[in-house]
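Okay, thanks for coming, everyone. Let me put the structure up, and then I'll walk you through a few spots.

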Amino acid sequence: MIILLLCVALLCPTVYSSDTTVEWCYHEPTCDFTTWPKNVHDYCSGTKQSPINIVTSKVKANSKLTPFTFTGFDDDSTLLSIGNTGDSVIVTLDGDKMKVEGGDLPSAYTSVQFHLHWGKGSSVKGSEHTVDGKGYPMELHIVNVHSKYNGSAKAAIDAHDPNGLAVLSFFVEGSNGTSKSKGWEILTSFLPNITNSGVTTTDIMNTTTMNSLLEGVNRTKYYRYQGSLTTPRCNEIVTWTVFKDTIKVNHDMVSQRKSIERDSALQHNSTIQRHKHKNGL
Ligand SMILES: [Zn+2]
């Protein structure tokens, strides 16, 4: 079993006290990700900003990074709805039934949602994180909230708690293999129903499980670092776990999500932090 710790050269995080809500943007000439550190000073100009490029030659082993315990990941009643936020496909999870613990997390964490980041087509990277500069077509993030916040990510953000959120990140790539992932087949079958921003359906309930979507991934091999939300206000409250193994889905499925692709803001996320982290790790 190889468990890895990503050693990040971190400076002391800057602390700000302003609670001003800031609108953020992607596409306007005077307001896009390059201006976030200036426009959203709290906290996009911080020192623990995500995502990052993982430099494997600088990764250090850490025996504290034990296997996780996943609760409710095999239960098909825990995926409550699937929706199009305009920027992403988001699946809400039943936090009363799902949790993640172990893996050197300081607490049990309530699983509240997962969402996808993608690029254009299966050959163009859409992942936020990269490994030795390599990106992947998609990245799936499972968002988990420290148990003391009762499943409220907002409460964790408002508390400025560096342990407030734990995000599990999985790279997704297309495969030529004939075997199709049943879970992804089901998930992508809902995309034509949510082509418009703001549309949500609960039809996904009782159709598939979280484990089915993570099939084939060795969940004992992962990278760990302390980071932030990847969009403003970029709060530095996230314990990131980036799994080494990729989720492999049929090429067709990676392309299917085009059916809801607008000028997805998420496509830009993959370049944001390369800009912010010119020095890498
Ligand atoms: Zn995300």
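So, to start: of the contacts in the chain with a separation of 6 or more, what share comes from residues 24 or more positions apart? It's 73%. Keep in mind that this is a predicted model.

Now the overall picture. The chain has 281 residues, and 42% of them are buried. The secondary structure comes to seven helices and 15 strands.

Let's zoom in on Ile157, which sits in helix α3, residues 153–158. Is Ile157 buried or partly exposed? It's partly exposed, because it has 17 C-beta neighbours inside 10 Å, and buried would take 20 or more. Beyond its neighbours within four places in sequence, Ile157 is in contact with Gly164, Asn235 and Ile237. Its C-alpha is also 9.6 Å from that of Leu229, which is 72 residues away along the chain.

Most peptide bonds are trans, and most residues other than glycine have a negative phi. Here, though, the Ser50 to Pro51 bond is cis, omega near -5°, with Pro51 in the loop between α2 and β2. The bond from Pro232 to Arg233 is cis as well, with omega near 15°; Arg233 belongs to the loop between β13 and β14.

On to phi. Asp104, in the loop between β7 and β8, has a positive phi of about 65°. Asn150, in the loop between β10 and α3, has a positive phi of about 50°. Asn150 counts as exposed because it has 12 C-beta neighbours inside 10 Å, while Asp104, with 15, is partly exposed.

That's my tour, thanks.

Terms used: Residues numbered from 1 in each chain as written. Predicted model: local features only at pLDDT ≥ 70, side-chain atom pairs only at ≥ 80, totals over all residues. Helix = DSSP H or I, 4+ residues; strand = E, 2+ residues; numbered from the N terminus. Contact = placed C-beta atoms within 7 Å.
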